[in-house]
Amino acid sequence: MTPYRFDSTDSLLADLDGFRVEIDESLERADIVLHRPPFNIVSMLQRDQFAAVFAVLDRDPKVRVIVLRAEGENFSSGGNIAGFMEKSAEHVSELAVNIAAPERCRKPVIAQVRGYCFGVGFELSLACDFRIVSETAQFALPEMRIGMIPGSGGSARLLHMIGICRTKDMVMRAKRIPGRQAADWGFVTDCVADAELEATVAALVDELRGFSPLAQRTIKGVLNSGNNVSVNGAIEIEGQAYGRLRGSEDFKEGVASFHEKRKPVFKGN
């Protein structure tokens, strides 16, 4: 992979704080790599930069899949606690907006996790589409220990994923959940042996690249929107999206390739 080149006029992304961005154009893959070892603590500036980076990668036609990962033994132990005291109450009440960037991004986003995945690091991973984790992973929202609550969407997303009983058990007790249990509870996609983590993520990237980009970004929007409305509302959203895709070139190609018994060549329109 090579360093990703941002627009030189974008001052916010001129000096990334505690992470880097890489691209492999042959694989249509971009990686956002946390690198403030050993715990990859997330700064307030970093949150703003995350949102800007996801927006740039979302617009880049060279990128089909985004991987969020970290250097070292831990994904992230959470945010810089001192930073919260330096910002206004109004500012910290909107922290979830930046951390929701992977969810807003129309392309598939995979979180690759090993070791500690706490606080805002965990919340960021929950905003991704897939969480592939190693057996070394541990998840927690430990804010209770400092007289606070999660503030970047973590408890709300968990509530939708694992229900109120397990969310209370985890959040109100600042409880750590190991990777295997996280898979059993359903808030991670897969838990694999640590030595298999990178290969498992690479295989998922390759699999996702085989689908229609248009259909993929459509179903991501349908599922994210449908998650926040009634079943009837979600069915209506799905139906409207289905109708729009009916006339797409990718759908025509998919039908043709099915009948011709060949691999489809999708172009994303």
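Let me begin with terms: helices (H or I, at least four residues) and strands (E, at least two) are DSSP runs, numbered from the N terminus. The model is predicted, so local features need pLDDT of at least 70 and side-chain atom pairs count only at pLDDT 80 or more, while totals for chains, interfaces and linings use all residues. Residues are numbered from 1 along each chain as its sequence is written, and side-chain values use heavy atoms, with hydrogens and water left out.

A pocket here, on a 1 Å grid over the protein atoms alone, is an open set of points where a 1.4 Å probe fits, with protein on both sides within 12 Å along at least five of seven lines, and lining residues have an atom within 4 Å of a point. A volume is the space filled by probe spheres set on the points, which are joined across faces, edges and corners.

The largest pocket has a volume of about 650 Å³, and of its 23 lining residues E103, D129, L223, N224 and N227 are the closest to its centre. Two or more lining residues come from each of β7 (130–134), α7 (154–171) and α10 (213–226), with α10 giving the largest share, five residues.

The second largest pocket holds about 560 Å³ of space; 22 residues line it, and F84, E143, I146, M148 and I149 lie nearest its centre. Here α2 (81–86) and α6 (119–126) each supply at least two lining residues.

Turning to helix packing, the axes of α6 and α7, lines fitted to C-alpha atoms over the stretch in contact, with angles from 0 to 180 degrees between N-to-C directions, come within 10 Å and cross at roughly 120°.
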